[in-house]
Amino acid sequence: TGEIRDDVRRGIYYSLEREKLDEFKDTLYNLFASIPYNNYTNNDIAKYEGFWASLVYCYLAGSGLKIIAEDVTNKGRIDLSIIFDDKVYIIEFKVTKKEDISTIEQIKQKKYYEKYLNPKSQTPNHTSQIPNPKIYLVGIVFSEEKKNITKFEYEKLKNMVTFVIATRYKKEYQKNLKILQISANISSTKLRNNLDTKFLPATILKDITEYYKERNDKQTGNDN
């Protein structure tokens with residue numbers, strides 16, 4: 001077995017550091033394409049997911065990255081997790097003949113990412129903590145026949161947002177919401193007036209501003 005070339009090692013490292021997943025895919029593809037065909041002669045090793053996962057693991061470990069194989073969660077095991085500064089890459093592998101399979105959907109359905117959603121997610125061996133990590137879901141599909149990647153998909157997990165809804169006068173609310181029993185003197189008018197509009201997306205800021213301006217104009221007119 002030979003060592004990973006420096007240019008390949010740098011390619012893997014910098015593509016993940018800069019969140020360039022297409023470059024990461026190209027580097028892996030080229031590595032698998034360089035494996036001699038006679039490695040697959042008289043054996044069926046290419047049909048096993050563990051074979052491909054082990055190769056990726058070796059490439060990543062050889063590049064000096066912090067990785068967790070068979071990363072355990074309360075819903076199952078992540079095939080491979082990469083912890084890189086403020087980023088977490090959650091990777092699932094599949095070996096199949098199907099072209100339309102999605103490994104990302106499995107990550108979503110089992111919610112493997114929840115392990116790293118906490119503001120202070122633990123890194124391997126609990127040596128440090130990641131504040132508000134950027135989480136990427138990565139699915140890699142291999143073909144036994146083509147001896148390489150046939151599908152590579154990724155998605156950045158959107159920021160999780162918590163909404164607080166205050167009701168009064170026994171107003172109805174969605175039944176799937178978590179209800180907190182809070183007794184406090186809260187003025188919704190003051191909350192609205194003191195909110196900084198900088199947090200609003202530019203696409204809706206104009207509509208919201210015009211709505212409240214029109215409503216305030218009407219209220220002022222009624223008072224007169």
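This is a predicted model: local features need pLDDT of at least 70, side-chain atom pairs count only at pLDDT 80 or more; totals for chains, interfaces and linings use all residues.
**Entry 1: H2 and H3**

H2 and H3 are roughly perpendicular to each other. I looked up the geometry behind that: the axes of H2 and helix H3 (residues 49–62) cross at roughly 115° and come within 12 Å. Since angles of 65 to 115 degrees count as roughly perpendicular, I kept that label for H2 and H3. I noted the crossing of H2 and H3 as right-handed.

Which residues make the contact? On the H2 side I listed Phe24, Leu28, Leu31 and Phe32, and on the H3 side Trp52, Leu55, Val56, Tyr59 and Leu60. Sorted by class, the contact of H2 with H3 has 9 nonpolar residues, with no polar and no charged ones.

**Entry 2: H1 and H2**

Next I took the pair before it in the chain. Helix H1 (residues 6–17) packs with helix H2 (residues 21–33) at an angle of about 155°, and their axes are 8 Å apart. That angle makes H1 roughly antiparallel to H2. The crossing of H1 and H2 is left-handed.

I then wrote down the residues that meet. H1 brings Val8, Gly11, Ile12, Ser15 and Leu16, while H2 brings Leu21, Glu23, Phe24, Thr27 and Leu31. How many of these are nonpolar, polar and charged? I have 6 nonpolar, 3 polar and 1 charged for the contact of H1 with H2.

Phe24 and Leu31 of H2 are in my list for the contact with H1, and Phe24 and Leu31 are also in my list for the contact with H3.

I went on to the interior. In soluble globular proteins, nonpolar side chains tend to be buried together. The largest nonpolar core here has 32 residues, and the members that touch the most others are Ile12, Leu16, Phe32, Leu60 and Ile140. Elements giving two or more residues to this core are H1, H2, H3, strand E2 (76–84), strand E3 (87–95), E6 and E7. Which element gives the largest share? I found that H3 does, with 7 residues.

Leucine 60 was worth a separate look. Leaving out residues up to four places away in sequence, leucine 60 touches Ile12, Leu16, Phe24, Leu65, Ile67, Leu80 and Ile82. I also noted a second, separate core of 13 residues, which includes Ile78, Tyr112, Tyr113 and Leu137.

**Entry 3: the whole chain**

I stepped back for the totals. The protein has 6 helices and 7 strands. Read from the N terminus, the elements run α-α-α-β-β-β-α-β-β-β-β-α-α. There are 224 residues in the protein, and 30% of them count as buried. Taking contacts between residues at least 6 apart in sequence, I noted that 55% join residues at least 24 apart.

**Entry 4: glycine 139**

I picked a residue in strand E6: glycine 139. Is glycine 139 buried or exposed? Glycine 139 counts as buried, because its relative accessibility is 1% and the cut-off for buried is under 20%.

Setting aside residues up to four places away in sequence, glycine 139 touches Glu92, Thr103, Ile104, Lys151, Phe152 and Glu153.

**Entry 5: aspartate 44**

I moved to the loop between H2 and H3, where aspartate 44 is placed. Aspartate 44 has 36% relative accessibility and so counts as partly exposed. I checked aspartate 44 against glutamate 144: they are 100 residues apart in sequence and 8.5 Å apart in space, C-alpha to C-alpha.

**Entry 6: positive phi**

Last, I looked at backbone angles.

Glutamate 70 has a positive phi, near 50°. Glutamate 70 is in strand E1 (residues 66–73). With a relative accessible area of 45%, glutamate 70 is partly exposed.

Lysine 147 also has a positive phi, near 55°. Where is lysine 147 placed? I found lysine 147 in the loop between strand E6 (134–143) and strand E7 (148–156). Lysine 147 is partly exposed, with a relative accessible area of 26%.

Key: Residues are numbered from 1 along each chain as its sequence is written. Side-chain values use heavy atoms; hydrogens and water are left out. Axes are lines fitted to C-alpha atoms, for helices over the stretch in contact, and angles run from 0 to 180 degrees between N-to-C directions. Helices (H or I, at least four residues) and strands (E, at least two) are DSSP runs, numbered from the N terminus. Angles under 35 degrees count as roughly parallel, over 145 as roughly antiparallel, 65 to 115 as roughly perpendicular and the rest as oblique. A crossing is left-handed if the near helix is turned anticlockwise from the far one by less than a right angle, and right-handed if clockwise. Contact means heavy atoms within 4.5 Å. Ala, Val, Leu, Ile, Met, Phe, Trp, Tyr, Cys and Pro count as nonpolar, Asp, Glu, Lys and Arg as charged, and the others, Gly among them, as polar. Buried means under 20% relative accessible area, exposed over 50%, partly exposed in between (1.4 Å probe, protein chains only). A nonpolar core is a set of buried Ala, Val, Leu, Ile, Met, Phe, Trp, Tyr and Cys residues joined through side-chain atoms within 4.5 Å.
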